[in-house]
Amino acid sequence: MHHVDSGGAAEALVPDAPAIVRWQQRREQLAAASAEQRAGLLAEQARVVRVAILQTVQRAGLGHVGGDLSVADILVTLFEGVLRVDPHRADWPARDRFILSKGHCAAALYSTLANCGYFADARLAHFAAPLSPLNGHPNRVKTPGVETNTGPLGHGLPVAVGSAIASQLTAGHWRTFVVLGDGELQEGSNWEAAMCAAHRRLDSLTAIVDRNRLQQGALVSDTNEIEPLADKWAAFGWQVRVVDGHSHAALFDALTAQRSGRPLAIIANTVKGRGVSFMENGVEWHHKVPSAAQYTSAVQELAR
């Protein structure tokens, strides 16, 4: 590992006002755009976030770049076009709640949050540095925009169910979105939470599965098969949509669809390492770090 100088890394993260203005302007553009224009605007922000992810991981000498890249389109669509949030006030009571259950992909979340102005993108240089609030896994008391600490897989959906119950009990009207890895669904705690959510008819809850079909060192299907995945969610009482997890149009439509009185599961078919040809579908990129030459090649590819 080759961490950057930790000078200034321990400083608290504060909102970046100019970045928030740019984010607000993009939100206004998206609201007025046609579906085709919206997809193009989201695709450009996803490209920006992917470059930031690569730089963050390469500079820190650690991270989970393959999963970061597979989930980037989902995070960008949520934060740019769907979530009701305010980067000036990360703890705004009426905000929608977002939970990244696959917390090892923190670099993707941090890159997205910085792009929205929750903190300055220069702070990404401190990812995983000593004393940095940008830990290798998200920490809610250190990083604005993080709702709950994640890392141990199988915890995010249960917490999201609790958030949705709180909204239901208090008439809070906020929505809760949680992103899970597909290998993570081998954890039984998810299915207990899914059963509870359906029983309570938590239609403010959306679970998005980053279905890249690879986990740490192997195919999900070789480790512990989870198919038929859509049928499983439906059997547990959820509304289910299966989409291309790299189509911003499909993601936006699914994430903003009218609710049916049930929680919604979106199975987003993705590619690990998406956007960088030599990383795509490579299980070794679960937590491999690009060299300087590989980083340069990857950024050049994203710029085309």
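**Cavities, pockets, a buried strand and the cysteines**

In this predicted model, the largest cavity is lined by Phe79, Leu83, Val85, Asp86, Arg89, Ala90, Arg95, Asp96, Phe98, Tyr118, Gly145 and Glu147. That cavity holds about 80 Å³ of space, and it belongs to a count of two cavities of 30 Å³ or more.

**Enclosed cavities**

- Sorted by class, the residues around the largest cavity comprise six nonpolar, one polar and five charged residues, the charged ones including Asp86, Arg89, Arg95, Asp96 and Glu147.
- The second largest cavity has about 40 Å³ of space, and its lining is made up of Phe98, Ile99, Leu100, Leu109, Pro138, Gly145, Val146, Glu147, Thr148 and Thr150.
- Strand 1 (residues 97-100) provides the largest share of the lining of the second largest cavity, namely three residues, while by class that lining divides into six nonpolar, three polar and one charged.

**Open pockets**

- The largest pocket contains about 290 Å³ of space and is lined by 20 residues, among which His104, Leu153, Gln215, Gln216 and His286 lie nearest its centre.
- By class, the lining of the largest pocket consists of three nonpolar, eleven polar and six charged residues.
- The second largest pocket contains about 230 Å³ of space and is lined by 16 residues, with Val48, Ala52, Asn115, Asp121 and Leu124 lying nearest its centre.
- Helix 1 (17-32), helix 2 (35-60) and helix 4 (106-116) each supply at least two residues of the lining of the second largest pocket, and helix 2 gives the most, with five residues.
- The lining of the second largest pocket has, by class, eight nonpolar, three polar and five charged residues.

**Strand 7 and its partners**

- Strand 7 (residues 264-269) is largely enclosed by the rest of the structure, because five of its six residues are buried.
- Strand 3 (residues 205-211) runs parallel to strand 7 and is joined to it by six bridges, and in this pairing Val209 stands opposite Ile267 of strand 7.
- Strand 6 (residues 239-244) also pairs with strand 7 in the parallel sense, over six bridges, and here Asp244 stands opposite Asn269 of strand 7.

**Cysteines**

- A search of the whole structure finds zero disulfides.
- Is Cys105 buried or exposed? Cys105 counts as buried because its relative accessibility is 0%, and the cut-off for that class is under 20%.
- Cys196, by contrast, has a relative accessibility of 30% and therefore counts as partly exposed, a class that lies between the buried limit of under 20% and the exposed limit of over 50%.

Technical notes. Residues are numbered from 1 along each chain as its sequence is written. This is a predicted model: local features need pLDDT of at least 70, side-chain atom pairs count only at pLDDT 80 or more; totals for chains, interfaces and linings use all residues. Side-chain values use heavy atoms; hydrogens and water are left out. On a 1 Å grid over the protein atoms alone, a cavity is a set of points where a 1.4 Å probe fits but cannot get out, and a pocket is an open set with protein on both sides within 12 Å along at least five of seven lines; lining residues have an atom within 4 Å of a point. Grid points are joined across faces, edges and corners, and a volume is the space filled by probe spheres set on the points. Helices (H or I, at least four residues) and strands (E, at least two) are DSSP runs, numbered from the N terminus. Buried means under 20% relative accessible area, exposed over 50%, partly exposed in between (1.4 Å probe, protein chains only). Two strands pair if DSSP finds at least two bridges between them. A disulfide is a pair of cysteine sulfur atoms within 2.5 Å.
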